[in-house]
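Walk through this model with the structure open beside the text. Begin with backbone torsions, then turn to helix packing.

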Amino acid sequence: MIVPILIFVNIRSLRINSKANIMPRFRPAAGVLLPRPCFTIIPAMDRKTLFREAFLEKIGNSPSENVPLSALSSFGIGGPADLFFEARTEEELEKAVALAVGEKYPFYVIGGGNNVLFDDAGYRGLLIRNRLEGIVREEGRIRVLSGTGL
């Protein structure tokens, strides 16, 4: 949503009354036509656009917009997510969550999408899909990353 900011300037009314230090009301003489006021419209960026730009700057990848959640759920239902990002490394996941928390932007982290029900209205925020995959064997232990499928 773009919110316009209006700036109104009428140069003739910028005289200052030195006694009261206030701007007097300007009244033109009878029959004098004044120029129309000058308006400048500056579109303000919405919160989603600002967050998306910060995300691109900090992480290097831009999140996708309006991704249908029905494709991410095993139930096949759900409307679009405002922003969607697939984290493939631990660093990407940490940075995405830290940025969302720091900017106070709503976020939710999902795994494979099994047993998750999404609202048909979608999700107003950042949906992060955990795609950290890998199995590492270390001296009698197995380390499995949290996004690894079974």
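Where is the place of Lys104? Lys104 lies in the loop between helix 2 and strand 5 (107-110). Helices (H or I, at least four residues) and strands (E, at least two) are DSSP runs, numbered from the N terminus.

This is a predicted model, so local features need pLDDT of at least 70, side-chain atom pairs count only at pLDDT 80 or more, and totals for chains, interfaces and linings use all residues. Residues are numbered from 1 along each chain as its sequence is written, and side-chain values use heavy atoms, with hydrogens and water left out.

Most residues other than glycine have a negative phi. Lys104 has a positive phi, near 55°. Lys104 counts as exposed, at 69% relative accessibility. Asn66 also has a positive phi, about 50°, and is not a glycine. Asn66 sits in strand 3 (residues 64-68). Asn66 is partly exposed, with a relative accessible area of 46%. Here buried means under 20% relative accessible area, exposed over 50%, and partly exposed in between (1.4 Å probe, protein chains only).

Now the helices. Helix 1 (residues 47-59) packs against helix 2 (residues 90-102) at about 145°, with axes 10 Å apart. Axes are lines fitted to C-alpha atoms over the stretch in contact, and angles run from 0 to 180 degrees between N-to-C directions. Helix 1 supplies Phe51, Ala54, Phe55, Lys58 and Ile59 to the contact (heavy atoms within 4.5 Å). Helix 2 supplies Glu92, Lys95, Ala96, Leu99 and Ala100.
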